[in-house]
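Thanks for coming. I will go through one model this morning, chain by chain, and then look at a few residues.

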Amino acid sequence: MKFLVCISNVPDTTTKITFTPDNKEFNKAGVQFVINPWDEYALTRAIELKEQQGGGTVTVLNVGEADTEPNIRKALAIGADDAIRVNAFPKDAFFVAEQIANAAKDGGYDVILMGKESIDYNGFQVHGMVGEMLGIPTVAPAMKLDMNGTTATLEREIEGGKEIVEVQTPFVASCQQPMCEPRIPNMRGIMTARTKPLKVVEAVGEPARTEVAEYALPPKKQGVKLIPAENAGELIKLLRNEAKVI
Amino acid sequence: MSVLVVVECDNGEVKKSSLEVASYGSQVAQMLGTTATAVAVGEATEANLAHLGEQGISKVLYDAEPRLKDFVNGAYTKLIAAAAEKEQAQVIVLANSNIGASVGSRLSVRLKASLATNVVELPKTDGGKFTVKRGAYSGKAFADVVLSGDRKIIAVKKNSIEALHNAGQTAPVESFSAQLSDADFADAPKQVVMQDQAGGILLPEADKVVSGGRGMKGPENWNLIEDLAKALGAATACSKPVSDVDWRPHHEHVGQTGITVSPNLYIACGISGAIQHLAGVNSSKVIVVINKDPEAPFFKAADYGIVGDVFDVLPKLTQAVKELG
Ligand SMILES: Cc1cc2nc3c(=O)[nH]c(=O)nc-3n(C[C@H](O)[C@H](O)[C@H](O)COP(=O)(O)OP(=O)(O)OC[C@H]3O[C@@H](n4cnc5c(N)ncnc54)[C@H](O)[C@@H]3O)c2cc1C
């Protein structure tokens, strides 16, 4: 079975977010980039399923410029077999989805996995766009994925519960916990990752459909009003009379 | 030209987030000098759908096909696309829910539309540009996004728009069929399992949330969180390590890698306020923090705080809520 796992390159989760002086771009200076945490679920689950089946391949795909390669190598170190980098700045979800759909159409993948969303753009869009472009089902967000031949059984989160869904390959799923315990690379993985193939291809398709005009930070909080623990009940009065939220 | 609003229904009722979406859509329609039609998905009653008139909706389309009761991405996408074509919709508005965002992304390809999810404000339409504000960087920032296509799809974040209530207004409900085939149900659920919600309030829809962290020491103490939540009519939530060790179910975990919530009131009990936790809750209107460590980072993001032991403070708060009557 051939798995395609899409990973995005995002600022480390502890990053304090700042922007360039014109507020048009994220300020990358001094920021460490990591594999999007949601994508780690997709990657690890694909590797686990490949191991269970005793064969197949896991290809990772990233739409990004050359500076994303350390994280692509990290995905290879975790256990992916090969990688594709579409050499372009990921302009918007539609643009990224087109690159993924294009790579997938030529690659004959059975299962396309990705994270629920990226922790920077927070779009929760790419999976559905890819599914629609390829004319195959999308299951999003998936908390569980098991394969039996060409049949996949997934648990899809819905508000207040879950749906158990069965789909046939090929399909797209976006992953979230508790799908698996994300793996970290070991020494052997890091050594072998250096020699695994990483293909760089150029972008295709239409221009982006959305454009960020400006970024802004949320307004600063006024500061905390402390209530002594002995008078804890006073807080409830403030929430009713001052904050008017209860 | 019109605005199409997608409303999600459950057990016959329109979800609260969909009342917000309907209100958003009717206000966009007003800005564009047109009307807003709703298309309903899920299990709805005609009487409840007619009430969408209160949110400014002028007509509701409803396909009563029983297989559409539960979410099916393929079929929902086809149904909504058909409604959009019928109404010549220029703008489609849906909830930024698991259903809304899943369908919205497929629709954007099918209808060649620009899509913005996680939208927190009404659009700006000056200078011929259509701009929406959306949350980015896990709630640590906002982005003004220009939607360039002729058609736009907007997924509205919960609790970011006030629902309108023009009492007494009703909307006619029309039956509508998208002529779905079996293939459209390829991803139909085999089974739907609903989780027990403390006090019956869904966390993603909740207006008030009481949340516990590792400072609660163990699952046996969660009655303190639940008692306060029950008294307030709030949903319960937790930090990631709490769900990682199974003190609480995963669907209660809020934060950067959990659910993002933006209630009017978020009460954090025994939670340190790590940046990844804050990312999922810091757009809450009022944040209350109870922590015995005065240096806990959460106090920096809080509106109200109590430096104290949760085991001592929580029963007092519950008591005080009960006394309010
Ligand atoms: C990639 C990544 C993603 C993450 N995503 C998330 C996420 O989505 N959500 C999330 O929550 N975390 C997330 N985390 C984890 C996050 O960094 C913190 O570890 C976590 O939020 C801490 O949870 P906590 O505050 O409950 O526990 P702790 O950090 O252990 O804090 C417990 C707090 O309780 C207080 N306390 C203890 N006893 C009492 C008492 N009796 N009375 C009052 N206060 C008491 C302590 O003073 C302390 O402040 C993520 C981490 C990473 C690396």
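**Two chains and a few residues**

Chain A exposes about 10,600 Å², and carbon and sulfur atoms supply 51% of that area. Accessible areas here come from the Shrake-Rupley method with a 1.4 Å probe, and for residues only the protein chains shown count as cover.

Some bookkeeping. This is a predicted model, in which local features need pLDDT of at least 70 and side-chain atom pairs count only at pLDDT 80 or more, while totals for chains, interfaces and linings use all residues. Residues are numbered from 1 along each chain as its sequence is written, chains are lettered from A and ligands numbered from 1 in the order in which they are written, and side-chain values use heavy atoms, with hydrogens and water left out.

Back to chain A. It has 6 helices and 13 strands; these are DSSP runs numbered from the N terminus, H or I of at least four residues for helices and E of at least two for strands. Of its 246 residues, 56% count as buried, meaning under 20% relative accessible area with a 1.4 Å probe, protein chains only. The C-alpha atoms of chain A fill a box of roughly 65 × 45 × 40 Å along the principal axes.

Now chain B. There are 9 helices and 15 strands in this chain, and 62% of its 325 residues count as buried. A compact globule of 325 residues would have a radius of gyration near 20 Å, and the 21 Å of chain B agrees with that. The radius is taken over C-alpha atoms, and the globule rule is 2.2 Å times the number of residues to the power 0.38.

Next, one loop residue. B:Leu111 sits between α4 (98-110) and β5 (114-119) of chain B. Is B:Leu111 buried or exposed? It counts as buried, because its relative accessibility is 7%. Beyond four places in sequence, its contacts (heavy atoms within 4.5 Å) include B:Ala84, B:Ile92 and B:Arg151. B:Ala81 is another of these contacts; it is 30 residues away along the chain, with 7.2 Å between the C-alpha atoms.

Last, the cysteines. How many disulfides are there over all chains? The search finds 0, taking a disulfide as a pair of cysteine sulfur atoms within 2.5 Å. For B:Cys238, the closest cysteine sulfur is in B:Cys269, 12 Å away, so it is too far for a bond. B:Cys238 counts as buried at 0% relative accessibility, and B:Cys9 counts as buried at 6%.

Notes: Buried means under 20% relative accessible area, exposed over 50%, partly exposed in between (1.4 Å probe, protein chains only).
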